[in-house]
Amino acid sequence: MGNQFIDRILDTLSDCQKEVVLDCENNLFVTACPGSGKTRTLTRKIAYMSNLYPESMKKIVAITYTNRAANEIMSRLEKLNLNESHIWVGTIHQFCLDFILRKFGLNLERTARGIKIIDDYVTSRYLKEIYENRGMRYNPYEHPNLMVTTSGNYFEDDIEKKDLVAEYHKKLRRANEIDFDLILTLSLKILEENPIPTKIISNNIRSIFVDEYQDTNNAQYQILGLLAKNDKSIKFMFVGDSDQAIFTSLGGVVKSKKEIEEITGLNFSSKKLDGCYRSTQRIVNLYSQFQSEAYRISSLANYSEDYGVIQYDKETHKDNLSSRIADIIQNLINDGISENEICVIAPNQFILTPVAKELKKRLTNLNFRSQDVYPIKPDELNLFYKISFLVFTPIGEKMRLRKTIANEAINILKDDFDVSISIKFKALDFLDILNSAKSTESNGLIFLQEKIIYLFEILEIDKATHQDLYQAYEDFFTKAFNRINDTRLKLSTDIGDFRNIYKEKSGINISTIHKVKGEEYEVVIAFGFLQDIVPHFKSKNPESEAKKLLYVTMSRAKKRIYLFSEKGRQYGAYPQKTPTSLLESADIE
(Lines give C-alpha, C1' and ligand atoms only; values in the text may rest on other atoms or scores of the structure.)
Protein backbone atom coordinates (compact mmCIF):
# COMPACT_ATOMS: atom_id res chain seq x y z
CA MET A 1 0.00 0.00 0.00
CA GLY A 2 1.39 3.42 -0.93
CA ASN A 3 0.97 7.09 -0.26
CA GLN A 4 -2.69 7.05 -1.21
CA PHE A 5 -3.43 4.66 1.65
CA ILE A 6 -1.44 6.83 4.09
CA ASP A 7 -3.35 9.88 2.91
CA ARG A 8 -6.62 8.03 3.48
CA ILE A 9 -5.55 7.03 7.01
CA LEU A 10 -4.60 10.59 7.91
CA ASP A 11 -7.54 12.19 6.15
CA THR A 12 -9.87 14.17 8.46
CA LEU A 13 -7.50 13.81 11.45
CA SER A 14 -6.57 16.88 13.48
CA ASP A 15 -2.93 17.81 14.07
CA CYS A 16 -2.90 16.29 17.58
CA GLN A 17 -4.55 13.10 16.28
CA LYS A 18 -1.94 12.84 13.50
CA GLU A 19 0.84 13.23 16.07
CA VAL A 20 -0.44 10.17 17.92
CA VAL A 21 -0.93 8.11 14.75
CA LEU A 22 2.46 8.91 13.21
CA ASP A 23 4.59 8.48 16.34
CA CYS A 24 5.61 4.82 16.13
CA GLU A 25 9.04 5.33 17.76
CA ASN A 26 7.91 6.26 21.27
CA ASN A 27 5.70 4.66 23.88
CA LEU A 28 2.74 6.98 24.32
CA PHE A 29 0.64 8.04 27.30
CA VAL A 30 -2.35 9.80 25.73
CA THR A 31 -4.94 11.81 27.63
CA ALA A 32 -8.10 11.96 25.52
CA CYS A 33 -10.95 14.25 26.55
CA PRO A 34 -14.60 13.29 25.85
CA GLY A 35 -15.49 13.48 22.16
CA SER A 36 -11.85 13.85 21.10
CA GLY A 37 -12.03 11.16 18.39
CA LYS A 38 -10.11 8.65 20.50
CA THR A 39 -11.53 5.56 18.76
CA ARG A 40 -10.87 7.06 15.32
CA THR A 41 -7.29 7.90 16.32
CA LEU A 42 -6.69 4.43 17.78
CA THR A 43 -8.12 2.74 14.68
CA ARG A 44 -6.01 4.83 12.33
CA LYS A 45 -2.86 4.18 14.40
CA ILE A 46 -3.45 0.43 14.12
CA ALA A 47 -3.94 0.83 10.36
CA TYR A 48 -0.82 3.00 9.99
CA MET A 49 1.39 0.56 11.89
CA SER A 50 -0.09 -2.35 9.95
CA ASN A 51 0.88 -0.57 6.73
CA LEU A 52 4.46 -0.11 7.97
CA TYR A 53 4.89 -3.88 8.42
CA PRO A 54 2.55 -5.51 5.86
CA GLU A 55 4.39 -8.85 5.72
CA SER A 56 5.21 -9.20 9.42
CA MET A 57 3.41 -11.80 11.52
CA LYS A 58 4.11 -9.91 14.74
CA LYS A 59 0.80 -8.94 16.30
CA ILE A 60 -0.52 -5.42 16.67
CA VAL A 61 -2.66 -5.77 19.81
CA ALA A 62 -5.41 -3.41 20.96
CA ILE A 63 -6.95 -4.13 24.36
CA THR A 64 -10.40 -2.65 24.95
CA TYR A 65 -12.58 -2.52 28.04
CA THR A 66 -15.63 -4.06 26.33
CA ASN A 67 -16.35 -6.42 23.44
CA ARG A 68 -18.57 -3.72 21.96
CA ALA A 69 -15.56 -1.38 21.71
CA ALA A 70 -13.47 -4.16 20.15
CA ASN A 71 -16.15 -4.89 17.55
CA GLU A 72 -16.41 -1.19 16.70
CA ILE A 73 -12.66 -0.93 16.10
CA MET A 74 -12.62 -4.09 13.95
CA SER A 75 -15.61 -2.83 11.98
CA ARG A 76 -13.77 0.42 11.20
CA LEU A 77 -10.58 -1.43 10.27
CA GLU A 78 -12.51 -3.68 7.92
CA LYS A 79 -13.64 -0.62 5.95
CA LEU A 80 -9.98 0.29 5.37
CA ASN A 81 -9.40 -3.04 3.53
CA LEU A 82 -6.39 -4.01 5.66
CA ASN A 83 -4.64 -7.32 6.03
CA GLU A 84 -6.09 -8.13 9.46
CA SER A 85 -4.11 -11.35 10.01
CA HIS A 86 -1.56 -9.62 12.25
CA ILE A 87 -4.09 -7.43 14.09
CA TRP A 88 -5.72 -8.59 17.31
CA VAL A 89 -8.42 -6.56 19.11
CA GLY A 90 -10.31 -7.65 22.23
CA THR A 91 -10.66 -7.45 25.99
CA ILE A 92 -7.88 -8.31 28.44
CA HIS A 93 -9.68 -11.55 29.39
CA GLN A 94 -9.86 -12.64 25.76
CA PHE A 95 -6.20 -11.67 25.33
CA CYS A 96 -5.21 -13.86 28.27
CA LEU A 97 -7.20 -16.78 26.87
CA ASP A 98 -5.85 -16.44 23.32
CA PHE A 99 -2.21 -15.60 24.06
CA ILE A 100 -1.52 -17.23 27.44
CA LEU A 101 -3.91 -19.78 28.96
CA ARG A 102 -4.84 -21.76 25.86
CA LYS A 103 -1.30 -21.81 24.49
CA PHE A 104 0.78 -22.13 27.64
CA GLY A 105 -1.61 -23.56 30.23
CA LEU A 106 0.50 -26.73 30.36
CA ASN A 107 3.16 -24.71 32.19
CA LEU A 108 0.96 -24.40 35.29
CA GLU A 109 -0.35 -27.32 37.34
CA ARG A 110 -3.73 -25.65 37.79
CA THR A 111 -4.32 -25.37 34.04
CA ALA A 112 -2.24 -28.29 32.74
CA ARG A 113 -5.35 -30.46 32.18
CA GLY A 114 -7.10 -27.67 30.28
CA ILE A 115 -9.57 -25.08 31.53
CA LYS A 116 -13.31 -24.79 31.78
CA ILE A 117 -14.61 -21.29 32.45
CA ILE A 118 -17.68 -21.03 34.65
CA ASP A 119 -20.08 -18.11 34.72
CA ASP A 120 -21.76 -16.29 37.59
CA TYR A 121 -24.65 -18.77 37.57
CA VAL A 122 -22.34 -21.69 38.37
CA THR A 123 -20.46 -19.56 40.92
CA SER A 124 -23.74 -18.79 42.69
CA ARG A 125 -24.76 -22.46 42.58
CA TYR A 126 -21.47 -23.52 44.16
CA LEU A 127 -21.65 -20.85 46.86
CA LYS A 128 -25.26 -21.76 47.64
CA GLU A 129 -24.22 -25.41 48.10
CA ILE A 130 -21.33 -24.40 50.38
CA TYR A 131 -23.51 -22.11 52.50
CA GLU A 132 -26.34 -24.64 52.83
CA ASN A 133 -23.94 -27.46 53.76
CA ARG A 134 -22.88 -25.30 56.68
CA GLY A 135 -26.43 -24.42 57.65
CA MET A 136 -25.99 -20.83 56.52
CA ARG A 137 -28.34 -18.65 54.49
CA TYR A 138 -26.93 -17.64 51.10
CA ASN A 139 -27.56 -14.11 49.79
CA PRO A 140 -26.49 -13.89 46.11
CA TYR A 141 -26.16 -10.10 46.39
CA GLU A 142 -23.69 -10.21 49.26
CA HIS A 143 -21.30 -13.05 48.54
CA PRO A 144 -17.67 -12.84 49.72
CA ASN A 145 -14.74 -11.52 47.69
CA LEU A 146 -13.66 -14.58 45.69
CA MET A 147 -10.48 -13.12 44.23
CA VAL A 148 -7.12 -14.71 44.97
CA THR A 149 -3.52 -13.60 44.39
CA THR A 150 -1.00 -15.55 42.30
CA SER A 151 0.56 -16.77 45.57
CA GLY A 152 -2.78 -18.17 46.74
CA ASN A 153 -3.73 -15.49 49.27
CA TYR A 154 -7.37 -14.44 49.44
CA PHE A 155 -8.58 -10.86 49.10
CA GLU A 156 -11.42 -11.53 51.56
CA ASP A 157 -10.57 -10.17 55.04
CA ASP A 158 -13.40 -11.67 57.10
CA ILE A 159 -12.13 -14.91 58.71
CA GLU A 160 -15.42 -16.81 58.41
CA LYS A 161 -15.97 -15.73 54.81
CA LYS A 162 -12.35 -16.53 53.96
CA ASP A 163 -13.03 -20.15 54.93
CA LEU A 164 -15.99 -20.19 52.52
CA VAL A 165 -13.80 -18.75 49.76
CA ALA A 166 -11.21 -21.47 50.36
CA GLU A 167 -13.88 -24.15 49.97
CA TYR A 168 -15.15 -22.49 46.77
CA HIS A 169 -11.67 -22.60 45.22
CA LYS A 170 -11.21 -26.24 46.27
CA LYS A 171 -14.44 -26.99 44.45
CA LEU A 172 -13.14 -25.28 41.32
CA ARG A 173 -9.83 -27.16 41.45
CA ARG A 174 -11.57 -30.53 41.83
CA ALA A 175 -13.73 -29.79 38.78
CA ASN A 176 -10.81 -28.32 36.80
CA GLU A 177 -12.72 -25.05 36.45
CA ILE A 178 -11.86 -21.36 36.66
CA ASP A 179 -14.04 -18.30 37.09
CA PHE A 180 -13.82 -14.94 35.34
CA ASP A 181 -11.31 -13.39 37.79
CA LEU A 182 -9.01 -16.42 37.68
CA ILE A 183 -8.45 -15.87 33.95
CA LEU A 184 -6.20 -12.91 34.81
CA THR A 185 -4.73 -14.37 37.99
CA LEU A 186 -3.61 -17.64 36.39
CA SER A 187 -2.36 -15.87 33.26
CA LEU A 188 -0.22 -13.64 35.45
CA LYS A 189 1.04 -16.67 37.38
CA ILE A 190 2.11 -18.41 34.15
CA LEU A 191 4.10 -15.34 33.11
CA GLU A 192 5.64 -14.90 36.57
CA GLU A 193 6.82 -18.49 36.86
CA ASN A 194 7.69 -19.35 33.25
CA PRO A 195 10.17 -17.05 31.50
CA ILE A 196 10.19 -19.02 28.22
CA PRO A 197 6.45 -18.69 27.44
CA THR A 198 6.65 -15.04 28.50
CA LYS A 199 9.52 -14.50 26.06
CA ILE A 200 7.70 -16.33 23.25
CA ILE A 201 4.53 -14.27 23.72
CA SER A 202 6.32 -10.92 23.95
CA ASN A 203 8.57 -11.68 20.96
CA ASN A 204 5.48 -12.21 18.81
CA ILE A 205 3.94 -8.83 19.63
CA ARG A 206 4.88 -5.60 17.84
CA SER A 207 2.71 -3.19 19.79
CA ILE A 208 0.08 -3.09 22.52
CA PHE A 209 -2.47 -0.28 22.61
CA VAL A 210 -4.56 -0.09 25.79
CA ASP A 211 -7.88 1.73 25.37
CA GLU A 212 -9.57 3.29 28.44
CA TYR A 213 -6.44 2.70 30.53
CA GLN A 214 -8.15 4.28 33.54
CA ASP A 215 -10.36 1.15 33.81
CA THR A 216 -7.37 -1.23 33.84
CA ASN A 217 -6.98 -3.37 36.97
CA ASN A 218 -3.77 -4.23 38.80
CA ALA A 219 -3.45 -7.74 37.37
CA GLN A 220 -3.71 -6.36 33.83
CA TYR A 221 -1.00 -3.78 34.53
CA GLN A 222 1.25 -6.55 35.89
CA ILE A 223 0.65 -8.80 32.85
CA LEU A 224 1.51 -5.97 30.45
CA GLY A 225 4.50 -5.02 32.60
CA LEU A 226 5.99 -8.52 32.37
CA LEU A 227 5.58 -8.56 28.58
CA ALA A 228 7.17 -5.11 28.31
CA LYS A 229 10.18 -6.09 30.41
CA ASN A 230 10.72 -9.25 28.35
CA ASP A 231 10.83 -7.40 25.05
CA LYS A 232 11.53 -3.69 25.21
CA SER A 233 10.94 -3.34 21.47
CA ILE A 234 7.16 -3.66 21.97
CA LYS A 235 5.60 -0.23 21.47
CA PHE A 236 2.92 0.63 24.02
CA MET A 237 0.20 3.23 24.02
CA PHE A 238 -2.09 3.85 26.98
CA VAL A 239 -5.00 6.09 26.02
CA GLY A 240 -7.89 7.30 28.14
CA ASP A 241 -9.09 9.92 30.58
CA SER A 242 -8.63 9.67 34.34
CA ASP A 243 -11.65 11.94 34.81
CA GLN A 244 -13.81 9.17 33.33
CA ALA A 245 -12.62 6.47 35.77
CA ILE A 246 -16.05 5.34 36.94
CA PHE A 247 -15.30 1.61 37.20
CA THR A 248 -13.10 1.69 40.31
CA SER A 249 -15.67 -0.44 42.17
CA LEU A 250 -14.95 -3.19 39.60
CA GLY A 251 -11.20 -2.99 40.14
CA GLY A 252 -10.24 -0.21 37.74
CA VAL A 253 -7.11 1.63 38.85
CA VAL A 254 -5.90 4.95 37.47
CA LYS A 255 -2.14 4.92 37.07
CA SER A 256 -0.03 7.98 36.30
CA LYS A 257 2.54 8.04 33.52
CA LYS A 258 5.30 7.65 36.11
CA GLU A 259 3.61 4.60 37.65
CA ILE A 260 3.16 2.96 34.23
CA GLU A 261 6.83 3.63 33.47
CA GLU A 262 7.77 1.85 36.71
CA ILE A 263 5.51 -1.12 35.90
CA THR A 264 6.79 -1.54 32.34
CA GLY A 265 10.38 -0.38 32.74
CA LEU A 266 9.84 1.88 29.69
CA ASN A 267 9.84 5.60 29.05
CA PHE A 268 6.61 7.20 27.81
CA SER A 269 5.94 10.38 25.90
CA SER A 270 2.84 12.35 26.93
CA LYS A 271 0.33 13.54 24.35
CA LYS A 272 -3.14 15.06 24.55
CA LEU A 273 -6.29 14.87 22.47
CA ASP A 274 -7.90 17.98 23.92
CA GLY A 275 -10.29 19.01 21.19
CA CYS A 276 -13.93 17.96 21.66
CA TYR A 277 -15.86 17.29 18.45
CA ARG A 278 -19.02 16.36 20.38
CA SER A 279 -20.27 19.14 22.65
CA THR A 280 -20.89 22.87 22.47
CA GLN A 281 -18.35 25.01 24.34
CA ARG A 282 -21.06 25.86 26.86
CA ILE A 283 -21.53 22.18 27.75
CA VAL A 284 -17.74 21.65 27.76
CA ASN A 285 -17.43 24.52 30.23
CA LEU A 286 -20.13 22.91 32.38
CA TYR A 287 -18.48 19.50 32.75
CA SER A 288 -14.96 20.99 32.90
CA GLN A 289 -15.86 22.20 36.40
CA PHE A 290 -15.55 18.57 37.50
CA GLN A 291 -12.15 17.96 35.86
CA SER A 292 -9.19 16.81 37.93
CA GLU A 293 -6.74 16.95 35.02
CA ALA A 294 -5.34 20.46 34.57
CA TYR A 295 -5.87 21.23 30.88
CA ARG A 296 -8.43 23.20 28.89
CA ILE A 297 -10.86 21.38 26.64
CA SER A 298 -11.94 23.29 23.54
CA SER A 299 -15.00 22.50 21.48
CA LEU A 300 -14.12 21.83 17.84
CA ALA A 301 -17.69 20.93 16.87
CA ASN A 302 -19.07 22.91 13.93
CA TYR A 303 -21.84 24.01 16.32
CA SER A 304 -19.44 24.87 19.16
CA GLU A 305 -20.92 28.35 19.72
CA ASP A 306 -24.57 27.22 19.78
CA TYR A 307 -26.20 28.29 23.03
CA GLY A 308 -28.19 25.07 23.36
CA VAL A 309 -29.93 24.13 26.62
CA ILE A 310 -28.59 23.57 30.12
CA GLN A 311 -31.29 23.16 32.75
CA TYR A 312 -31.02 22.07 36.38
CA ASP A 313 -34.26 21.21 38.21
CA LYS A 314 -34.30 20.74 42.01
CA GLU A 315 -38.04 21.28 42.46
CA THR A 316 -39.75 18.39 40.64
CA HIS A 317 -41.00 15.66 42.99
CA LYS A 318 -40.06 12.06 42.16
CA ASP A 319 -43.74 11.20 41.73
CA ASN A 320 -43.99 13.80 38.94
CA LEU A 321 -40.57 13.07 37.44
CA SER A 322 -41.73 10.70 34.68
CA SER A 323 -44.41 13.16 33.60
CA ARG A 324 -41.88 16.01 33.49
CA ILE A 325 -39.36 13.97 31.47
CA ALA A 326 -42.11 12.76 29.11
CA ASP A 327 -43.08 16.39 28.40
CA ILE A 328 -39.45 17.28 27.64
CA ILE A 329 -39.12 14.30 25.28
CA GLN A 330 -42.37 15.08 23.46
CA ASN A 331 -41.31 18.72 22.98
CA LEU A 332 -37.96 17.55 21.61
CA ILE A 333 -39.67 15.21 19.14
CA ASN A 334 -41.98 18.07 18.10
CA ASP A 335 -38.85 20.18 17.48
CA GLY A 336 -37.55 17.53 15.06
CA ILE A 337 -35.00 15.83 17.34
CA SER A 338 -34.48 12.17 16.35
CA GLU A 339 -35.40 9.48 18.90
CA ASN A 340 -31.88 8.07 18.51
CA GLU A 341 -30.41 11.40 19.68
CA ILE A 342 -32.19 11.38 23.07
CA CYS A 343 -30.84 9.59 26.14
CA VAL A 344 -32.35 9.30 29.62
CA ILE A 345 -29.76 8.48 32.28
CA ALA A 346 -29.78 7.57 35.99
CA PRO A 347 -27.03 6.45 38.38
CA ASN A 348 -28.51 3.00 38.99
CA GLN A 349 -31.08 0.54 37.68
CA PHE A 350 -33.12 0.69 40.88
CA ILE A 351 -34.38 4.24 40.28
CA LEU A 352 -34.18 3.97 36.47
CA THR A 353 -36.53 1.01 35.94
CA PRO A 354 -39.79 2.59 37.24
CA VAL A 355 -39.16 5.77 35.24
CA ALA A 356 -38.44 3.69 32.11
CA LYS A 357 -41.71 1.77 32.51
CA GLU A 358 -43.69 4.97 33.03
CA LEU A 359 -42.14 6.69 30.00
CA LYS A 360 -43.05 3.75 27.78
CA LYS A 361 -46.64 3.96 29.03
CA ARG A 362 -46.89 7.71 28.47
CA LEU A 363 -45.11 7.86 25.11
CA THR A 364 -46.62 4.90 23.29
CA ASN A 365 -46.01 6.50 19.89
CA LEU A 366 -42.21 6.50 20.43
CA ASN A 367 -39.55 3.81 20.29
CA PHE A 368 -37.26 3.04 23.22
CA ARG A 369 -34.05 1.02 23.51
CA SER A 370 -33.82 0.67 27.25
CA GLN A 371 -31.59 -1.97 28.82
CA ASP A 372 -34.12 -4.78 28.45
CA VAL A 373 -33.80 -8.05 30.35
CA TYR A 374 -33.67 -11.20 28.21
CA PRO A 375 -33.74 -14.92 29.03
CA ILE A 376 -30.16 -15.22 27.74
CA LYS A 377 -27.86 -13.19 29.94
CA PRO A 378 -24.87 -11.69 28.05
CA ASP A 379 -21.64 -13.58 28.68
CA GLU A 380 -19.08 -13.00 25.95
CA LEU A 381 -16.85 -15.89 27.08
CA ASN A 382 -19.60 -18.51 27.25
CA LEU A 383 -19.70 -21.05 24.41
CA PHE A 384 -23.49 -21.23 24.30
CA TYR A 385 -23.92 -17.45 24.40
CA LYS A 386 -21.64 -17.30 21.34
CA ILE A 387 -23.72 -19.99 19.59
CA SER A 388 -26.94 -18.14 20.47
CA PHE A 389 -25.54 -15.06 18.72
CA LEU A 390 -24.89 -17.13 15.60
CA VAL A 391 -28.34 -18.73 15.73
CA PHE A 392 -30.36 -15.53 16.22
CA THR A 393 -28.47 -13.06 13.99
CA PRO A 394 -29.69 -13.06 10.36
CA ILE A 395 -27.77 -15.22 7.89
CA GLY A 396 -25.60 -13.03 5.68
CA GLU A 397 -25.40 -10.09 8.09
CA LYS A 398 -22.38 -9.15 10.22
CA MET A 399 -20.35 -11.83 8.44
CA ARG A 400 -16.94 -10.77 9.74
CA LEU A 401 -18.22 -10.86 13.31
CA ARG A 402 -20.13 -14.12 12.75
CA LYS A 403 -16.99 -15.82 11.39
CA THR A 404 -14.92 -14.50 14.30
CA ILE A 405 -17.39 -15.83 16.86
CA ALA A 406 -17.70 -19.17 15.02
CA ASN A 407 -13.91 -19.55 15.19
CA GLU A 408 -13.98 -18.73 18.90
CA ALA A 409 -16.67 -21.39 19.46
CA ILE A 410 -14.63 -23.98 17.56
CA ASN A 411 -11.55 -23.18 19.66
CA ILE A 412 -13.51 -23.48 22.92
CA LEU A 413 -14.86 -26.88 21.86
CA LYS A 414 -11.34 -28.08 20.99
CA ASP A 415 -9.29 -26.44 23.74
CA ASP A 416 -11.66 -26.38 26.72
CA PHE A 417 -13.78 -29.48 26.10
CA ASP A 418 -11.37 -31.74 24.18
CA VAL A 419 -13.70 -32.14 21.20
CA SER A 420 -11.89 -33.66 18.23
CA ILE A 421 -12.41 -31.35 15.24
CA SER A 422 -10.52 -31.55 11.95
CA ILE A 423 -8.05 -28.78 11.19
CA LYS A 424 -9.89 -28.41 7.87
CA PHE A 425 -13.13 -27.56 9.68
CA LYS A 426 -13.54 -23.77 9.40
CA ALA A 427 -15.88 -21.06 10.65
CA LEU A 428 -18.06 -21.27 7.53
CA ASP A 429 -18.53 -25.02 8.11
CA PHE A 430 -19.67 -24.30 11.66
CA LEU A 431 -22.12 -21.67 10.41
CA ASP A 432 -23.40 -24.01 7.68
CA ILE A 433 -24.31 -26.63 10.27
CA LEU A 434 -26.26 -24.15 12.38
CA ASN A 435 -27.96 -22.68 9.32
CA SER A 436 -28.96 -26.10 7.97
CA ALA A 437 -30.67 -27.26 11.19
CA LYS A 438 -34.38 -26.99 10.40
CA SER A 439 -36.94 -26.23 13.09
CA THR A 440 -40.52 -24.93 13.26
CA GLU A 441 -40.27 -24.25 17.00
CA SER A 442 -41.62 -20.82 18.03
CA ASN A 443 -40.17 -20.92 21.56
CA GLY A 444 -36.79 -19.24 21.18
CA LEU A 445 -35.05 -21.21 23.92
CA ILE A 446 -36.23 -24.60 22.65
CA PHE A 447 -35.32 -23.50 19.10
CA LEU A 448 -31.76 -22.80 20.32
CA GLN A 449 -31.60 -26.17 22.07
CA GLU A 450 -32.57 -27.96 18.87
CA LYS A 451 -29.86 -26.13 16.93
CA ILE A 452 -27.18 -27.04 19.48
CA ILE A 453 -28.23 -30.69 19.71
CA TYR A 454 -28.10 -30.89 15.90
CA LEU A 455 -24.60 -29.35 15.99
CA PHE A 456 -23.50 -31.94 18.57
CA GLU A 457 -24.90 -34.75 16.42
CA ILE A 458 -23.09 -33.59 13.27
CA LEU A 459 -19.81 -33.16 15.18
CA GLU A 460 -20.39 -36.54 16.89
CA ILE A 461 -20.18 -35.08 20.39
CA ASP A 462 -21.74 -37.67 22.69
CA LYS A 463 -22.68 -37.17 26.32
CA ALA A 464 -20.73 -40.14 27.68
CA THR A 465 -17.42 -38.84 26.35
CA HIS A 466 -18.01 -35.13 26.93
CA GLN A 467 -19.81 -34.93 30.27
CA ASP A 468 -18.26 -31.52 31.09
CA LEU A 469 -19.60 -30.00 27.88
CA TYR A 470 -23.08 -31.37 28.50
CA GLN A 471 -22.96 -30.06 32.08
CA ALA A 472 -22.09 -26.60 30.74
CA TYR A 473 -25.02 -26.97 28.33
CA GLU A 474 -27.35 -27.90 31.23
CA ASP A 475 -26.13 -24.94 33.30
CA PHE A 476 -26.68 -22.49 30.46
CA PHE A 477 -30.24 -23.57 29.77
CA THR A 478 -31.19 -24.04 33.42
CA LYS A 479 -30.17 -20.43 34.03
CA ALA A 480 -32.20 -19.28 31.01
CA PHE A 481 -35.32 -21.25 31.97
CA ASN A 482 -35.04 -19.96 35.56
CA ARG A 483 -35.09 -16.40 34.24
CA ILE A 484 -38.14 -17.20 32.11
CA ASN A 485 -39.92 -18.74 35.09
CA ASP A 486 -39.18 -15.71 37.29
CA THR A 487 -42.58 -13.97 37.22
CA ARG A 488 -41.02 -10.66 38.28
CA LEU A 489 -39.10 -10.43 34.99
CA LYS A 490 -42.09 -11.20 32.73
CA LEU A 491 -39.89 -12.50 29.93
CA SER A 492 -41.15 -13.64 26.54
CA THR A 493 -40.16 -16.94 24.94
CA ASP A 494 -41.22 -15.87 21.44
CA ILE A 495 -38.49 -16.53 18.90
CA GLY A 496 -38.86 -13.00 17.54
CA ASP A 497 -37.93 -11.57 20.94
CA PHE A 498 -34.83 -13.77 21.02
CA ARG A 499 -33.78 -12.36 17.65
CA ASN A 500 -34.20 -8.86 19.10
CA ILE A 501 -31.46 -9.59 21.64
CA TYR A 502 -28.76 -9.17 19.01
CA LYS A 503 -30.37 -6.55 16.78
CA GLU A 504 -29.03 -3.03 16.62
CA LYS A 505 -31.34 -1.12 18.93
CA SER A 506 -32.98 2.14 17.86
CA GLY A 507 -35.08 4.71 19.66
CA ILE A 508 -34.70 6.74 22.84
CA ASN A 509 -32.00 5.19 25.02
CA ILE A 510 -32.75 4.67 28.71
CA SER A 511 -29.66 3.60 30.58
CA THR A 512 -27.37 3.91 33.57
CA ILE A 513 -24.39 6.28 33.58
CA HIS A 514 -21.93 3.37 33.44
CA LYS A 515 -23.54 1.84 30.34
CA VAL A 516 -23.54 5.03 28.23
CA LYS A 517 -19.85 5.72 28.71
CA GLY A 518 -18.35 6.18 25.24
CA GLU A 519 -21.69 7.17 23.68
CA GLU A 520 -23.04 10.57 22.57
CA TYR A 521 -26.46 12.15 22.09
CA GLU A 522 -27.78 15.52 21.04
CA VAL A 523 -29.89 15.54 24.22
CA VAL A 524 -29.19 14.06 27.65
CA ILE A 525 -31.83 13.95 30.38
CA ALA A 526 -30.32 12.80 33.68
CA PHE A 527 -31.87 12.36 37.11
CA GLY A 528 -31.04 10.91 40.53
CA PHE A 529 -28.30 13.38 41.44
CA LEU A 530 -28.83 13.11 45.17
CA GLN A 531 -26.49 12.64 48.12
CA ASP A 532 -26.01 8.93 48.97
CA ILE A 533 -26.79 8.09 45.34
CA VAL A 534 -24.20 10.36 43.70
CA PRO A 535 -21.88 9.81 45.42
CA HIS A 536 -22.91 6.36 46.69
CA PHE A 537 -23.23 6.20 50.47
CA LYS A 538 -20.58 3.43 50.60
CA SER A 539 -18.05 5.32 48.48
CA LYS A 540 -14.54 5.52 49.92
CA ASN A 541 -13.81 8.65 47.86
CA PRO A 542 -17.20 10.40 47.64
CA GLU A 543 -16.10 13.72 46.14
CA SER A 544 -13.94 12.06 43.47
CA GLU A 545 -16.72 9.60 42.58
CA ALA A 546 -19.32 12.35 42.28
CA LYS A 547 -17.04 14.45 40.06
CA LYS A 548 -16.40 11.57 37.68
CA LEU A 549 -20.06 10.57 37.40
CA LEU A 550 -21.10 14.17 36.73
CA TYR A 551 -18.28 14.57 34.20
CA VAL A 552 -19.22 11.40 32.30
CA THR A 553 -22.95 12.20 32.35
CA MET A 554 -22.64 15.76 31.08
CA SER A 555 -20.01 14.95 28.45
CA ARG A 556 -22.42 12.59 26.64
CA ALA A 557 -24.47 15.63 25.48
CA LYS A 558 -23.89 17.49 22.23
CA LYS A 559 -26.23 20.48 22.59
CA ARG A 560 -28.82 20.04 25.34
CA ILE A 561 -28.75 18.69 28.86
CA TYR A 562 -31.52 18.50 31.48
CA LEU A 563 -30.45 17.61 35.03
CA PHE A 564 -32.68 16.65 37.95
CA SER A 565 -32.12 16.39 41.69
CA GLU A 566 -35.71 15.33 42.32
CA LYS A 567 -37.45 15.80 45.64
CA GLY A 568 -39.14 13.09 47.68
CA ARG A 569 -36.65 10.23 47.57
CA GLN A 570 -36.67 8.76 51.05
CA TYR A 571 -35.92 5.27 52.34
CA GLY A 572 -37.42 4.04 55.59
CA ALA A 573 -36.91 6.38 58.52
CA TYR A 574 -33.95 8.11 56.88
CA PRO A 575 -34.31 11.80 55.94
CA GLN A 576 -35.30 12.83 52.43
CA LYS A 577 -32.29 12.85 50.15
CA THR A 578 -30.78 16.22 49.23
CA PRO A 579 -29.21 17.32 45.92
CA THR A 580 -25.67 16.18 45.15
CA SER A 581 -23.66 18.96 46.78
CA LEU A 582 -21.10 19.27 43.97
CA LEU A 583 -23.85 19.77 41.40
CA GLU A 584 -25.78 22.19 43.57
CA SER A 585 -22.71 24.40 44.01
CA ALA A 586 -21.69 24.26 40.32
CA ASP A 587 -21.84 27.28 38.04
CA ILE A 588 -24.85 26.50 35.85
CA GLU A 589 -25.81 29.38 33.58
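I began with strand β6 (residues 205–211), which is mostly covered, with 7 of its 7 residues buried. Buried means under 20% relative accessible area, against over 50% for exposed and partly exposed in between (1.4 Å probe, protein chains only). Helices (H or I, at least four residues) and strands (E, at least two) are DSSP runs, numbered from the N terminus.

I note that this is a predicted model: local features need pLDDT of at least 70, side-chain atom pairs count only at pLDDT 80 or more, and totals for chains, interfaces and linings use all residues. Residues are numbered from 1 along each chain as its sequence is written, and side-chain values use heavy atoms, without hydrogens and water.

**Neighbours of β6**

I looked up the pairing next; two strands pair if DSSP finds at least two bridges between them. Strand β2 (residues 59–64) runs parallel to β6, joined by 5 bridges. There, A62 stands opposite F209 of β6. β7 also runs parallel to β6, again with 5 bridges. I found V210 bridged to F238 in β7.

I then followed the chain from β6 through helix α10 (residues 218–230) to β7, and the three make a right-handed β-α-β unit. Right-handed means that, with the strands pointing away from the viewer, the path from the first strand over the helix to the second runs clockwise.

**Largest cavity**

I searched for cavities on a 1 Å grid over the protein atoms alone: sets of points where a 1.4 Å probe fits but cannot get out, with lining residues having an atom within 4 Å of a point. Grid points are joined across faces, edges and corners, and a volume is the space filled by probe spheres set on the points. I got 2 cavities of 30 Å³ or more.

The largest has a volume of about 40 Å³. Its lining is V20, V30, K38, T41, L42, M237, V239 and L273. α3 gives the most, with 3. I sorted the lining into 6 nonpolar, 1 polar and 1 charged residues. Ala, Val, Leu, Ile, Met, Phe, Trp, Tyr, Cys and Pro count as nonpolar, Asp, Glu, Lys and Arg as charged, and the others, Gly among them, as polar.

**Second largest cavity**

This one holds about 30 Å³ of space. I listed Q311, D313, R324, I328, Y562, L563 and F564 as its lining. β11 (309–313), α13 (318–334) and β15 (557–564) each give two or more residues to that lining. β15 gives the most, with 3. By class I have 4 nonpolar, 1 polar and 2 charged residues.

Methods. On a 1 Å grid over the protein atoms alone, a cavity is a set of points where a 1.4 Å probe fits but cannot get out, and a pocket is an open set with protein on both sides within 12 Å along at least five of seven lines; lining residues have an atom within 4 Å of a point.
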